[in-house]
Amino acid sequence: MGAAVLVAAPPERVFAVLTDWPRHHEWMLLTTARRSGPDQVEAFTGVGPLGFLDTMTITRWEPPGLVRVRHTGRLVRGEGVFRIRPYGGGSRVIWAEDLDLPLGALGRLLWPLARPFADAMARLSLRRLARLVE
């Protein structure tokens with residue numbers, strides 16, 4: 001999964017908002033997040049009680065250009081990264097995920113149907129982030 005957006009704000013501002021975990025609900029669709037330890041983040045994605053908990057370990061922290069996490073939850077596992085690069089007078093934000101699909105063979109079979117939806121959700125979330133920081 002991956003998405004990118006151009007943002008009319010400097011990388012420092014984008015990084016500050018992107019890594020302000022309690023503010024994730026302001027831009028990341030259907031998701032709330034919080035820091036749960038020095039290098040730990042928990043995010044809940046869903047509506048009401050219907051959803052899943054995504055636990056993560058921060059594996060690289062390089063302000064204002066990179067944050068990398070390892071998803072360690074029961075449902076979501078794999079690697080995720082946000083890259084923020086200067087672009088023109090603002091920034092280019094790239095969000096990429098390399099996830100181990102849940103449900104084994106069934107998950108691999110269904111991923112081609114789910115991926116366009118996941119990519120669209122990521123693009124929409126990044127556009128919301130852009131509006132928030134601009």
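**The lining of the largest pocket**

Tutor: Sorted by class, the residues lining the largest pocket are 27 nonpolar, seven polar and four charged. The model is a predicted one. The space in this pocket comes to about 970 Å³. Its lining is made up of 38 residues, and M1, F52, V76, L99 and A118 are the closest to the centre. Two or more lining residues come from each of β3 (40–47), β4 (50–62), β5 (66–72), β6, β7 and α2.

Start with the helix. α2 contributes the most to the lining of the largest pocket, nine residues. Helix α2 covers residues 104–133 and bends by about 55° at W111, with a proline, P112, following within four residues. A118 is among the buried residues of α2, as are G107, D119 and A122. The buried residues of this helix pack against β1 (2–7), α1 (11–18), β6 (77–87) and β7 (90–100).

Now the strands. β3 and β4 run antiparallel and are joined by eight bridges. In this pair, A43 stands opposite D54 in β4. Two residues separate β3 from β4 in a hairpin, and G48 in the turn has a positive phi of about 60°. β4 also pairs with β5: six bridges join them, again antiparallel. Here M56 stands opposite H71 in β5. β4 and β5 form a hairpin too, with three residues between them.

Technical notes. Residues are numbered from 1 along each chain as its sequence is written. This is a predicted model: local features need pLDDT of at least 70, side-chain atom pairs count only at pLDDT 80 or more; totals for chains, interfaces and linings use all residues. Side-chain values use heavy atoms; hydrogens and water are left out. The bend at a residue is the angle between axes fitted to the seven residues ending there and the seven starting there. Buried means under 20% relative accessible area, exposed over 50%, partly exposed in between (1.4 Å probe, protein chains only). Contact means heavy atoms within 4.5 Å. On a 1 Å grid over the protein atoms alone, a cavity is a set of points where a 1.4 Å probe fits but cannot get out, and a pocket is an open set with protein on both sides within 12 Å along at least five of seven lines; lining residues have an atom within 4 Å of a point. Grid points are joined across faces, edges and corners, and a volume is the space filled by probe spheres set on the points. Ala, Val, Leu, Ile, Met, Phe, Trp, Tyr, Cys and Pro count as nonpolar, Asp, Glu, Lys and Arg as charged, and the others, Gly among them, as polar. Two strands pair if DSSP finds at least two bridges between them.
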